[in-house]
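Please examine the sequence and the structure shown here. The briefing that follows treats the nonpolar cores and then the strand pairing.

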Amino acid sequence: MRQALAGERLRDLYVLNPWRYIYNAPDITTPVVGITPSAPDLTYASLRSVSPVHVVYMGNMGVNTSISFPVILHGELAALITCHHSTPHYIELPMLEEISSHVQHYSMMQSSYLTQKKINLLDGLGRWKADTRIKLFKMIDDTNQWAELAIWLMDSFSASGIMFCVNDNYWGYGTIPNEEAFAVLDDYFVHSKIQIWSEHALSKSFKSILLSPLAGVLGVTGMADAECHVRLLLFRNEHIESISWGGNPNKPTNSHDGAIGISPRISFEKWVEKTVGKSKVWSQKNQLQALKLRELLLEVERYVQQSGTI
C-alpha cells in the first residue's frame, strides 16, 4: 500500500515539474533545512537527493546522470522521455528549458491527435453500424447470406471464427469450438446475463474443455429473457507474444549488504518472456463495435418475433 501511494505521489510530481534531473547519483547528499521545524516542501524543486535504492539501481545499470521529461496527455502522465549518461554530466538551464519546450509541444500535438482519432472512430462506427445492419438483415431474411455476414464481422473484429445463434438455431464460420465446447461456452454466456462478454484467456476459466487453438471470445447478446434470444460470439486464436525485458523480472531479489535492505536486480541482460494461452486483447474499438452490434441484435429479436422468420 505504501509503495502504491509513493508511486501515485511520484506521478503527481512529474505532472507538476517539467523535468527530473539527477546530476550525479552516488554523490554525497546535503540536508535541506527550512525556517520552520517541519520538512520543507520540495514539490517544485529542480534538484533533490536520490533514494538509496535508486542509487543502487542506477549503479547496477552503470548510470551516474539521469534526466526525465514527462509526456502529459489530458492532464495525466502518459510517458517519460529519459536520458542516461555513464559519468556525471552537467546540463545548462537554457538547454533543459529548450528540451522541455519541445516535449511539451509534442505532448500538445499528441493530445490533439488522440482527440481527432477518437472523433474519427465515433464517426466511423456510425457508418459501420449502418453497413452491418444491411448485411445482418439480409441474412435474417435469407440464411444463404450467412457467409457474407460472417466474413464481414470476422474482418471487422480481426476474429478467427464466429457463431451466430437465434434460440436453438446455430450458424458457424471459420475456426470455431467443437460442439461440446461451444455448448459449455454458450450455456455460460446465456446464464451469466452478461450483455457483452470479453475474454482473451478462455483456457483459464474453462479448463475442462478443449479449446485449442482458440483462446479469446467476444460475445454479444440481445435480451436473454426475450421470446427470441439472439447472440453472437466471435473467437480469436491463441497469439504467442514475446516480451523483452531488461533483466528477468521473475528472478528473486538480491539481498544488499544491510544498508538499504532489498536492492534492485544486478543483471539487465535482455530476457525474453513468451506468453501462451491468450489471444490478442479486444481493443477499445472492438468494445464500441460490440455495443453497436448489441443494438442491432435487439432489432433482430423484435423483427424475428414479429415476422416469424429464421
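**Nonpolar cores and paired strands**

The largest nonpolar core has 29 residues, and those touching the most other members are Trp-146, Leu-153, Phe-157, Ile-162, Phe-164, Leu-232 and Leu-234. Such a core is a set of buried Ala, Val, Leu, Ile, Met, Phe, Trp, Tyr and Cys residues joined through side-chain atoms within 4.5 Å; buried means under 20% relative accessible area (1.4 Å probe, protein chains only).

This is a predicted model, in which local features need pLDDT of at least 70 and side-chain atom pairs count only at pLDDT 80 or more, while totals for chains, interfaces and linings use all residues. Residues are numbered from 1 along each chain as its sequence is written, and side-chain values use heavy atoms, with hydrogens and water left out.

- A second, separate core of 15 residues includes Cys-165, Leu-185, Phe-206 and Ile-209.

**Strand pairing**

- Strand S2 (residues 65-73) has eight of its nine residues buried.
- Strand S1 (residues 20-22) runs antiparallel to S2 and is joined to S2 by three bridges; two strands pair if DSSP finds at least two bridges between them.
- Ile-22 has Ser-66 in S2 as its bridge partner.
- Nine bridges link S2 to strand S3 (residues 76-85), again in the antiparallel sense, and Ile-67 stands opposite Cys-83 in S3.
- Two residues lie between the strands in the hairpin of S2 and S3, where His-74 takes a positive phi near 55°.

Notes:
Buried < 20%, exposed > 50% of the residue type's maximum accessible area, 1.4 Å probe, protein only. Helix = DSSP H or I, 4+ residues; strand = E, 2+ residues; numbered from the N terminus.
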